[in-house]
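Please keep the sequence and the coordinates at hand while reading.

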There are 2 protein chains.
Amino acid sequence: MEKKTIQVALLGLGTVGTGVYKVLQNQREEMLSKLGAEVEIKRILVRNLEKAAKKVEDDSVLTNRWEDIIHDDAISVVIEVMGGMEPARTYIMEALAAGKHVVTANKDLIAVDGKELLDMAGTHHSDLLFEAAVAGGIPIIRPLKQCLAGNHITEVMGIINGTTNFILTKMTEEGMEFEEALALATELGYAEADPTADIEGYDAGRKLAIMASIAFNSRVTFDDVYTEGIAKITAKDIKYAREMGCDIKLLGVARNTDTGIEVRVHPMLIPSAHPLASVKDAFNAVFVHGDAVGDTMFYGSGAGEMPTASAIVGDVFDIARNIRYQCSGRISCTCYKELPIKQIGDIRSRYFLRMQVDDKPGVLASVASVLANNSVSIAQVIQKAKSSETAEIVVITDSVEERHFNDSLAIFQGMSVIRKISSVIRVYGE
Amino acid sequence: MEKKTIQVALLGLGTVGTGVYKVLQNQREEMLSKLGAEVEIKRILVRNLEKAAKKVEDDSVLTNRWEDIIHDDAISVVIEVMGGMEPARTYIMEALAAGKHVVTANKDLIAVDGKELLDMAGTHHSDLLFEAAVAGGIPIIRPLKQCLAGNHITEVMGIINGTTNFILTKMTEEGMEFEEALALATELGYAEADPTADIEGYDAGRKLAIMASIAFNSRVTFDDVYTEGIAKITAKDIKYAREMGCDIKLLGVARNTDTGIEVRVHPMLIPSAHPLASVKDAFNAVFVHGDAVGDTMFYGSGAGEMPTASAIVGDVFDIARNIRYQCSGRISCTCYKELPIKQIGDIRSRYFLRMQVDDKPGVLASVASVLANNSVSIAQVIQKAKSSETAEIVVITDSVEERHFNDSLAIFQGMSVIRKISSVIRVYGE
């Protein structure tokens, strides 16, 4: 055992960086007892020294020069909370190459360049940990890599974006439409000024790629993930879903099947009795199925200053233990397989389909026969008259390959009795 | 790095032992890629060699002599799944003293003698891991010790007994009375022939003691835990609870307060919107609150052959990694504080109180004034006439010290207008 004081550098002092600073302060008295070592912030890299000075006790730790960190051999751990691809990527690669250990919350980077970064860490026997990159404060990476290592994990499914879950909760509980709920999320600070990455499922897609890589021991990158957002979901869809015993959630779904890995983010109807359906507001949850453990779920805050900092400091403490016990790099990249990724068209799913049709005899029969001709069988159907002229048909299908379902949709679009296809949403289950 | 093959001994080949055997078989092909090492069962200690022979591929691994294991230096890990206090305790102590690492699922033992066992492991720089001792397959020990290490954890609350949760679920969803639901649980194999340890909350109490010790970094033993079972809960209590927006669950509650640690297992009303309320049937869940992470929850199967084996094999794989990296004992006992344990009388709680009273004017007023005189304020009340002569009063109080509430109960028992105190159940919340 060696090193009683472990010096770290923090890259970035925004929301998450400030959280890390606070959590390390809060743990100061207990660190030595807890870890047998003290973790001390030696340097903080910031852009604006003056602005940052207000956030720290002693502003001599601040610097705007990366050289002050990368060339300081006393600094053994770099905590990257700047976000974005560059210069974060370069800094992390240089830190690992210099034999430093790295903790990052950067999902954009890990979801794209995870392999290169982990390879660099492996070469230098350094730790590269990123618990905070997925689902904020919720412990999920370590449970997948260690606690559930005795499983063949077949499914990871999660509500991994708080903004969209908040919006869908408001739409469900208060009957708001999407635009109104988004405006509220923006007002309350749950949504960013440009909410695209959240709303369109890109943020969830990055987290899903990271989790799938670990769960299935095979590299999945963000490019592999099919994404579809929630902007088209209406309060009416949610109302029908509830009539059919379901809630609508934006889910990241990763499945390890005999024919390859499925990775997709899209809105989905799930039974209201499913544990994920009760995950409300900005909370996140990840549902994992393994051959030994069966169903498990991990729930908590997926974002925010302190929850994200909780995950980061957990990683820093683990690195500190590894340094003391001289076993850095003890758990590195676990992607030892190369499994194929399935195309979305090949994926089987159930569907919720809402259509406006002419209110006259035989329309439901023709809808049903188009579906039947494309091998799509119907599980549930609701038909309601809307006016004297039009009716609304809502169908939930049994499981079907996406391409076959799309063939039916193409036929519907050419039928004069079908005035509009209002919604097409996937449904959970086989 | 050293040792590519790690030889282990399994003590016991009952349900859980068989599960461990199967999970290690299932992982055989992937172990080397996953861990950089292979884990091989060299010996299995059983009582009946003949009976055990049917359960294994090669019966030459079987033995009924502990000496074959303790004196075999090639065996570096002992997996104890016999259960009970002795001889498990002696075997574990001897194995640790001999420098072997130990994985155990034995909550009875850890909840009582955890300190002695961990001290022995510490002295010999051995690993003693017991993820399976709490909440079966659900990852909770490692998340508490590592992922959430940057938190001051203030509360751990869980549904940590599947049998009682199954019984309460049946009582809630199908209106069964306790005896009927217990009979069903026994029939389905959820309850043991002697269900006392489950029904009376002892099993949950042991798990709670272990979790509290880790979460609060201060030793809590089973003796410290106040326990109260579910046998007195009626379908009617559950019906009233639901009218008041709550479900009744058997909860283990551990809180780290300024005046000491509270550790108690008892039935409790929790709001139906609380994540724990949606945990049904034999599932378990543990809710953790930390100052940084906020609320988190861990959900899954709390018992059973394969889920428990999942947790055990996760521990074995971690030990294998430590052996390879020569960092055994990397995380040992984390109880570095000595916090006082509060007496149940000093604990504040809200209460649900159901009473049969004379159906005449002024009775509710006298009930209310007795409560008021003992500083107990009323949050909700329901009064229903039952017959021409009696009425039923159901009260939920605000938070009060248990001793003051008990003073009120003593007075009620002496009042002639109060015919019977039918139920007293604690209620979640401040």
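Arg321(B) and Asp318(B) are three residues apart in helix H13 of chain B, so about one helical turn separates them. Helices (H or I, at least four residues) and strands (E, at least two) are DSSP runs, numbered from the N terminus. The two side chains form a salt bridge, with the closest N and O atoms 3.4 Å apart; a salt bridge is a side-chain nitrogen of Lys or Arg within 4 Å of a carboxyl oxygen of Asp or Glu. Arg321(B) is buried at a relative accessible area of 2%, and Asp318(B) is buried at 5%. Here buried means under 20% relative accessible area, exposed over 50%, and partly exposed in between (1.4 Å probe, protein chains only).

Salt bridges that share partners also join Glu131(A), Arg142(A), Asp315(A), Asp318(A), Arg321(A) and Arg330(B) into one network.

The model is a predicted one, in which local features need pLDDT of at least 70 and side-chain atom pairs count only at pLDDT 80 or more, while totals for chains, interfaces and linings use all residues. Residues are numbered from 1 along each chain as its sequence is written, chains are lettered from A and ligands numbered from 1 in the order in which they are written, and side-chain values use heavy atoms, with hydrogens and water left out.

Over all chains, the structure holds 66 salt bridges. One of them joins Asp315(A) and Arg142(A), at 2.8 Å from N to O. Asp315(A) lies in helix H13 (residues 305-324) of chain A and Arg142(A) in helix H7 (residues 141-147) of chain A, so this pair ties together parts that are 173 residues apart in sequence. Asp315(A) is buried, with a relative accessible area of 2%, and Arg142(A) is buried at 6%. Another salt bridge is formed by Asp247(A) and Arg242(A), whose closest N and O atoms are 3.2 Å apart. In that pair Asp247(A) is buried at 7% relative accessibility, whereas Arg242(A) is partly exposed at 45%.

The next subject is the interface. How many salt bridges are there between chain B and chain A? The count is four. Asp318(A) forms a salt bridge with Arg330(B), with 3.2 Å between the closest N and O atoms. There are also 24 residue pairs in polar contact between chain B and chain A, both residues being at pLDDT 80 or more. A polar contact is a pair of N or O atoms within 3.5 Å; within protein, one must be able to donate a hydrogen and the other to accept it, and residues adjacent in sequence count only if both atoms are side-chain atoms.

On the side of chain B that touches chain A, the elements giving two or more residues are helix H1 (15-26), helix H2 (31-35), helix H7 (141-147), strand E12 (294-301) and helix H13 (305-324) of chain B. H13(B) gives the largest share, nine residues. The contact (heavy atoms within 4.5 Å) takes 51 residues from chain B and 51 residues from chain A. Together the two chains bury about 4,500 Å², 55% of it on carbon and sulfur atoms; buried area is the accessible area (1.4 Å probe) that two parts lose on being put together, summed over both. Cys147(B), Tyr299(B) and Arg330(B) supply 15% of the area that chain B buries against chain A, more than any other three residues.

Positions are given in the numbering used here, feature names are shortened, and annotations may be inferred rather than shown by experiment. The unreviewed entry places "active site" at Lys207(A), which lies in helix H11 (residues 202-216) of chain A. Lys207(A) is buried, with a relative accessible area of 6%, and its side chain makes a polar contact of 2.7 Å with that of Asp203(A). Leaving out residues up to four places away in sequence, Lys207(A) touches residues including Lys107(A), Ile160(A) and Asn284(A). The annotation "binding site", also from an unreviewed entry, covers Glu192(A). Glu192(A) sits in the loop between helix H9 (178-187) and helix H10 (196-199) of chain A and is exposed at 55% relative accessibility.

In chain B, Ser423(B) belongs to strand E17 (residues 418-427) and is buried at 5% relative accessibility. The side chains of Ser423(B) and Asp237(B) make a polar contact of 2.6 Å.
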